[in-house]
Amino acid sequence: MSKVIVIFGAGPGLGASVARRFAGEGFRVALVARRKDRLDALVDQLSAEGIEAAGFTADLSAPEEIPGLIESIRARFGRIDVIEYGPLPSVGFTPAAQLEPATLVQGMPLLVLTPLAVLQAVLPEWKERGDGAFLMTTGATAVRPKAHASGVGPLMAAARNWLYSLNGQLA
């Protein structure tokens, strides 16, 4: 059975490119996005290119919905091998001195809690098989903070810290 990548926050840019790249290596593709119309269009486009793809509509700011979503993906594909997590936050960047607590509260589920819920849902499968990969493609300001582009950067830094810790634990 061929491997499966799940692309969270799938769209016509990076998500589609990741789908094509992994499909070129024989992966089947599960796409997760909020807007069904755009998701269906992307599935149709990839399918027309000969890529086995299926779409799953979800609100990634609702981490409590992740276990059911993961089960739906497994029901369709049988397994999950790679997660690519790259949804764009609706919260913009602001200067650090103008950052409000509510901004971080609003962005916390999408950028920290949902990735954690995704990992918790797939980790038992990966540990049993002895493989799996979690790629997080958000967080440019977590690596190189910018004075006038803070906004959700602290959340991205928290997610980056968690991923480094996770990698060290599971390596």
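Modeller: Buried means under 20% relative accessible area, exposed means over 50%, and partly exposed lies in between, with a 1.4 Å probe and protein chains only. This is a predicted model, in which local features need pLDDT of at least 70, side-chain atom pairs count only at pLDDT 80 or more, and totals for chains, interfaces and linings use all residues. Residues are numbered from 1 along each chain as its sequence is written, and side-chain values use heavy atoms, with hydrogens and water left out.

Colleague: Why is S150 called buried?

Modeller: S150 has 11% relative accessibility. The limit is under 20%, so S150 counts as buried. S150 is in the loop between helix 5 (140-143) and helix 6; helices (H or I, at least four residues) and strands (E, at least two) are DSSP runs numbered from the N terminus.

Colleague: Which residues does S150 touch, leaving out those up to four places away in sequence?

Modeller: They are F93, T94, P95, A96 and L99. Contact means heavy atoms within 4.5 Å.

Colleague: What makes L155 buried?

Modeller: Its relative accessibility is 4%, and the cut-off is under 20%, so L155 counts as buried. L155 is part of helix 6. Beyond its neighbours within four places in sequence, L155 is in contact with L104, G107, M108, L111 and V112. L155 and G107 are 48 residues apart in sequence, and their C-alpha atoms are 7.4 Å apart in space.

Colleague: Why does V4 count as buried?

Modeller: V4 has 0% relative accessibility, so V4 counts as buried. V4 belongs to strand 1, and its contacts outside four places in sequence include F27, F77 and V82.

Colleague: How do you know that strand 1 and strand 4 pair?

Modeller: Two strands pair if DSSP finds at least two bridges between them. Four bridges join strand 1 (residues 4-8) to strand 4 (residues 82-85), so by that definition the two strands pair. They run parallel. I7 has E84 as its bridge partner in strand 4.

Colleague: What is the order of the strands in the open sheet?

Modeller: The five strands come in the order 3-2-1-4-5, with parallel pairing. Strand 3 (53-57) and strand 5 (133-136) are the edge strands, since each pairs on one side only. On average, neighbouring strands are turned by 15 degrees against each other, direction ignored. Helix 2 (residues 36-48) packs on this sheet, touching strand 2 (28-33) and strand 3, and its direction makes about 175 degrees with that of strand 3. Such angles run from 0 to 180 degrees between N-to-C directions, with axes fitted to C-alpha atoms, for helices over the stretch in contact.

Colleague: What makes a space a pocket rather than a cavity?

Modeller: On a 1 Å grid over the protein atoms alone, a cavity is a set of points where a 1.4 Å probe fits but cannot get out, while a pocket is an open set with protein on both sides within 12 Å along at least five of seven lines; lining residues have an atom within 4 Å of a point. The largest pocket holds about 690 Å³ of space. Of its 33 lining residues, G9, R34, G86, P87 and L88 are the closest to its centre.

Colleague: Which element gives the most to the lining of the second largest pocket?

Modeller: Helix 6 (153-170) does, with five residues. This pocket has about 350 Å³ of space and is lined by 15 residues.

Note on methods. Points joined across faces, edges and corners; volume = space filled by probe spheres on them.
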